[in-house]
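Here is a briefing on one protein chain. Have the sequence and the 3D view open as you read.

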Amino acid sequence: MNMLANIFKPKWQHKRPAIRKQAVNSLNPNNTEQHTILLELSQSDPDLDVRLAAIDRLHDTNALNTLAMQGNDNAIQNQAQTRLVRILSDNQSATLDLAAYTQVIKALRDNTSLLKTLCVNSEDLSYQTVLIDHIYDEATLASLAVESKLTKVRQLAVQRVNAVEHLNYIIKQIRHRDKRVAQIAKDKLSIQRKSQEAQQQHIHECETICDSLELLARSAYNPLYISKLKHLTNQLRSIDKQVPEHLVVQVEQAILQCDAVINEHKAVANEQADEQEHQANSHAEQLSTCDALEQVVAQLKHAIPDELNAGSIHSLLGIQQRRWQEATDQVRAHPKELMRFNKSYDLLADTQAAMERLSELNQQIETLLSNSTNDNIDNQGLTDNSKLLHALNTCLAQINWPPEIAQPVVITKLEAASEAVGNRLKLLEQTAADTAQQLKNAIKKLAKAIDDGNLDTAEKTLYEARKLLANLDTKQRREGEHKINLLAGQLKELQDWKGYATNPKKEELIGKMEALQHATLPLKDKADAIKALQTEWKKLGNTRSGEDKALWARFKAAADISYEPCKAYFADMQARRQFNLEQRQTICQQLETFLAENDWGAPDWKAVDKIINTAKKEWQQFAPVDRKKIKAIQTRFNQVIQPLLEKLNTEKDKNLSAKQALVDEAKALLDSVDIYEAVNQAKALQRRWRAIGFDHRGKGQTLWREYRPACDAIFARLESEQQASEQEQQNNLVVAQEICDKIVSLADSDDNRLSASRKEYDELYQAFKNVGALPSKQRQQIQQQFADCCKRYQQQFAGIARRKKAAAFNELERRATLCQQLEASPTQAMLNQLKDSWSGTIDVPADSAQGIEARWQAAQDLTAQLSPEQIDKNQTNLRLLCIRLEILANMDSPKADEQLRMDYQVKRLSKGLGQEREDITQEIDKIRIAWCCNGSIYSGTVSEEVSNDTTSEQKPGHQTNAKSSDNGSGKNDNIYHTLWQRYQQALHKLKVVE
């Protein structure tokens with residue numbers, strides 16, 4: 001038997017490894033039995049070569065992945081991985097479509113090294129995208145982002161990387177080879193940095209507020225304490241995010257301490273209220289006293305009432321003094337109020353004393369006022385006026401009326417009388433001194449005129465001297481009369497001697513003057529002749545004798561008649577010359593003022609030019625002037641106009657040079673490549689040209705004729721290029737609109753097409769970015785439209801998994817409803833009705849497939865009966881599921897389940913210590929699956945009446961309303977309905993269902 005067994009033993013079980021290896025090569029992996037043999041050899045054959053050969057024949061990707069991931073030998077792992085790479089690489093386009101390939105890769109997602117190798121070796125972007133999506137190791141993704149040959153793969157890989165160190169690695173390695181990938185990495189780093197900065201800023205803001213609260217809690221109360229606390233608490237409420245947990249206790253304690261400070265302050269404030277009120281009343285009495293005194297003072301400053309006298313003021317002061325003393329005995333007066341009281345009190349006391357003195361001096365005052373009338377003082381001399389003034393001033397000093405109080409009429413009269421007498425005394429003293437000096441000067445002048453033989457001057461001076469004698473006192477008058485009488489005798493002798501020598505000559509001059517009366521000469525010549533005769537007459541002098549006076553009368557009468565026609569002419573000429581001279585003096589004065597006071601650091605050159613031209617024009621208009629004064633005034637004009645001209649010409653030369661430079665720049669712009677830059681510079685040149693100011697008119701016009709054509713040529717070139725650019729922008733707008741329409745079409749497609757549209761979307765996205773310039777009026781609108789379209793697509797694309805998940809759970813709940821209906825009414829008729837509805841085109845969640853199928857199979861066993869313990873257990877499971885959802889939704893559970901909820905929470909707490917909390921979404925999904933896969937809560941038997949009943953269609957999630965007399969289905973229906981309502985309410989609160 002042993003020999004036969006060895007003879008018929010398969011070669012793959014031969015004891016020699018070489019024969020087993022040959023047998024491996026002859027096994028067909030497509031045969032299920034032989035594939036099992038190959039799998040067994042790859043895992044357990046003692047010879048390494050046999051195992052490697054078996055691995056090389058395997059097609060089962062799951063088995064190969066297990067060997068590649070869990071093998072104890074590196075050669076086994078490498079061989080399994082190499083085989084997987086070859087199979088998957090060969091089958092990408094041959095036997096596996098993209099969906100099947102995705103399922104295979106999903107199963108291999110833990111083998112990062114394998115997925116990277118496949119991605120590197122693959123040349124199909126769709127398959128590479130699948131591989132990238134299932135690689136979760138960021139170091140591997142970073143490596144692919146740097147090493148992959150395709151830009152799109154590198155971009156997909158970098159999109160999956162989030163770690164800072166890996167993003168920095170990508171930027172460092174690829175920044176010079178793929179700027180787009182580097183930019184994506186930089187953008188992600190920027191987003192992370194901004195997020196971290198925002199979080200840090202939030203924490204910093206909270207910590208700052210917390211520190212401020214703690215500082216406020218340690219501070220003493222002040223008038224702004226409550227407003228500061230309110231401001232800080234409002235700041236906490238205004239922060240969008242919640243306060244970090246480590247600061248919550250600090251904030252609450254600080255606020256409590258602040259409240260304690262406020263309460264303590266209120267208690268102290270209440271204790272001080274009474275004392276302050278008492279002090280306030282006393283202080284009010286002090287203020288009232290001050291007000292009463294000040295009111296009287298204010299009244300007295302305007303007028304003294306007739307009924308007011310020294311006695312009434314004395315009575316008022318006594319009353320207010322007592323009030324003040326009583327108030328200050330209670331509360332010490334503030335220095336300000338004390339000053340007010342003393343000031344008013346002292347002023348009224350001074351007024352009382354002045355009134356008393358005024359009454360005592362009444363008789364004396366009447367006498368002084370009577371002596372001070374104008375009739376009396378005009379007849380009094382220096383001595384009397386001096387005595388009267390002293391008496392008036394002494395009386396005023398004795399009364400000493402306060403200047404702040406309105407004066408009585410008598411005081412005003414005394415002051416007016418004192419002023420009038422004082423002015424009169426000063427006038428008398430000054431007049432006496434002036435008259436004495438004038439007399440002295442007149443005597444000297446008279447003596448000199450007599451010595452010089454000047455009779456006219458001597459006679460005139462003698463007359464003035466005698467007139468002055470009348471205004472002197474007796475002593476001065478006697479001394480002056482003696483000197484004047486001596487000089488008058490000398491003058492008489494001179495007059496007698498001079499008359500004999502000059503009379504014949506004067507007769508001759510009279511004849512000549514009388515001849516001019518009828519002469520027909522030009523008025524100017526006649527005037528010159530008259531003036532010459534008058535000059536000769538003056539040279540002869542005047543003897544003041546009767547005969548001399550008669551001769552002078554004849555000469556003067558003839559001269560007046562001869563000069564009469566010349567008066568109007570010379571008067572007009574003189575007036576004109578004087579007016580012109582005055583106007584020219586005014587022009588010079590204005591120009592000198594302008595030259596000295598004008599701001600030459602920033603002058604108005606147009607105004608300067610206008611002033612110069614106006615001055616020149618007016619200077620020519622105001623001619624002639626007196627020849628004796630023309631040279632001086634012309635020199636003055638030249639001295640002031642020349643500096644102005646020099647400054648103006650310097651400015652014009654500078655402006656002309658600046659405009660020449662602008663002309664050269666404008667001509668140079670004609671050859672510019674960038675027309676827009678040329679136009680901007682031309683506009684800048686125009687602004688500079690306008691800002692330069694005026695210049696020499698002729699030369700400036702010549703430069704303008706060169707400058708303007710150059711600028712016009714630049715703008716004409718711009719207009720031509722703008723028309724071409726506008727047409728191009730309109731074409732780009734059409735293309736951009738078509739791209740937006742295509743993206744909208746992708747977003748509105750079904751999920752199957754949407755899931756495969758990413759490449760097309762990326763191409764459309766890039767196409768829009770490359771579309772070129774757009775019209776300015778529509779640019780913002782089309783860009784916003786593009787952003788909206790992309791957002792719409794992204795939302796739809798991101799929702800594929802969510803919609804797929806929602807559809808799977810809807811299908812699961814639909815099947816659970818079928819199970820519940822059959823469990824509630826386990827009849828053949830119900831089974832026949834529901835059986836055809838079981839199969840569906842949509843898969844349930846993978847984790848629920850086995851559980852829901854088991855529930856359906858159990859429900860189809862119409863003869864099975866559940867024990868009360870099992871039914872109770874299933875009901876308890878549903879209640880626990882409701883409790884778990886209510887905990888997640890922060891909802892209360894019914895009182896009947898409070899103990900069950902507490903037991904569950906205690907158990908979960910003790911079991912979950914040290915473990916990470918499960919994601920709430922995953923926990924909800926598990927609860928929903930557990931609900932749908934939970935066992936029946938019905939006993940499994942129905943009455944004959946129910947068995948023959950065919951129920952109508954029911955609502956999803958609810959059992960039939962079939963009545964039962966022996967299985968308690970009606971009661972269980974109510975239980976299930978109640979639990980179902982709780983279950984749905986919790987899901988609605990968690991926003992899982994609408």
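Lys-538 is found in helix α24. With 68% relative accessibility, Lys-538 counts as exposed (buried means under 20% relative accessible area, exposed over 50%, partly exposed in between; 1.4 Å probe, protein chains only). Helices and strands here are DSSP runs numbered from the N terminus: H or I with at least four residues for helices, E with at least two for strands.

This is a predicted model, in which local features need pLDDT of at least 70, side-chain atom pairs count only at pLDDT 80 or more, and totals for chains, interfaces and linings use all residues. Residues are numbered from 1 along each chain as its sequence is written, and side-chain values use heavy atoms, with hydrogens and water left out.

**The chain overall**

- The chain has 40 helices and zero strands.
- It has 994 residues, and 37% of them count as buried.
- The chain exposes about 60400 Å², and carbon and sulfur atoms supply 50% of that area. Accessible areas come from the Shrake-Rupley method with a 1.4 Å probe; for residues, only the protein chains shown count as cover.
- Take the contacts in the chain with a separation of 6 or more: residues 24 or more positions apart account for 71% of them. Contact means heavy atoms within 4.5 Å.

**The positive patch**

- Lys-538 belongs to a positive surface patch, together with Lys-531, Lys-628 and Lys-629.
- The elements that give two or more residues to this patch are α24 (523–540) and α28.
- Patch residues have over 30% relative accessible area and no salt bridge; like charges are joined within 9 Å, and nonpolar side chains (Val, Leu, Ile, Met, Phe, Trp, Tyr) within 5 Å.
- Lys and Arg count as positive, Asp and Glu as negative; His and the chain ends are not counted.
- The place of a charge is taken as NZ of Lys, CZ of Arg, CG of Asp or CD of Glu.

**Salt bridges**

- Side chains of opposite charge can pair when their charged atoms come close.
- The structure holds 22 salt bridges (a side-chain nitrogen of Lys or Arg within 4 Å of a carboxyl oxygen of Asp or Glu).
- Arg-340 and Glu-294 form one of them, at 2.7 Å from N to O. Arg-340 lies in helix α17 (residues 335–360) and Glu-294 in helix α15 (residues 245–302), so this pair ties together parts that are 46 residues apart in sequence.
- Both ends of that pair are partly exposed: Arg-340 has a relative accessible area of 21%, and Glu-294 has 28%.
- Arg-688 and Glu-665 also meet in a salt bridge, at 3.2 Å from N to O. Arg-688 sits in helix α29 (residues 675–692) and Glu-665 in helix α28 (residues 627–669), so the pair ties together parts that are 23 residues apart in sequence.
- Arg-688 is partly exposed at 41%, and Glu-665 is partly exposed at 33%.
- Arg-814 pairs with Glu-811 at 2.8 Å, N to O. These two are three residues apart in helix α33 (residues 776–824), separated by about one helical turn.
- Arg-814 is partly exposed at 29% relative accessibility, whereas Glu-811 is buried at 8%.
- A network of salt bridges links Arg-879, Glu-886, Asp-897 and Arg-982.

- Gln-642 lies in helix α28. Gln-642 is partly exposed, with a relative accessible area of 40%.
- The C-alpha atoms of Gln-642 and Ile-612 are separated by 9.8 Å, and the two residues are 30 apart along the chain.
- Thr-461 is in helix α22 (residues 455–469). Its relative accessibility is 1%, and Thr-461 counts as buried.
- Leaving aside neighbours within four places in sequence, Thr-461 is in contact with Ala-442, Lys-445 and Leu-446.

**Backbone points in loops**

- The peptide bond from Ala-623 to Pro-624 is cis, with omega near 0°. Pro-624 sits in the loop between α27 (605–621) and α28.
- Asn-400 has a phi near 50°, a positive value in a residue other than glycine. Asn-400 lies in the loop between α20 (382–399) and α21 (409–452), and is exposed at 52% relative accessibility.
- Asn-890 has a positive phi, near 60°. Asn-890 belongs to the loop between α36 (868–888) and α37 (898–912), and is exposed at 68%.
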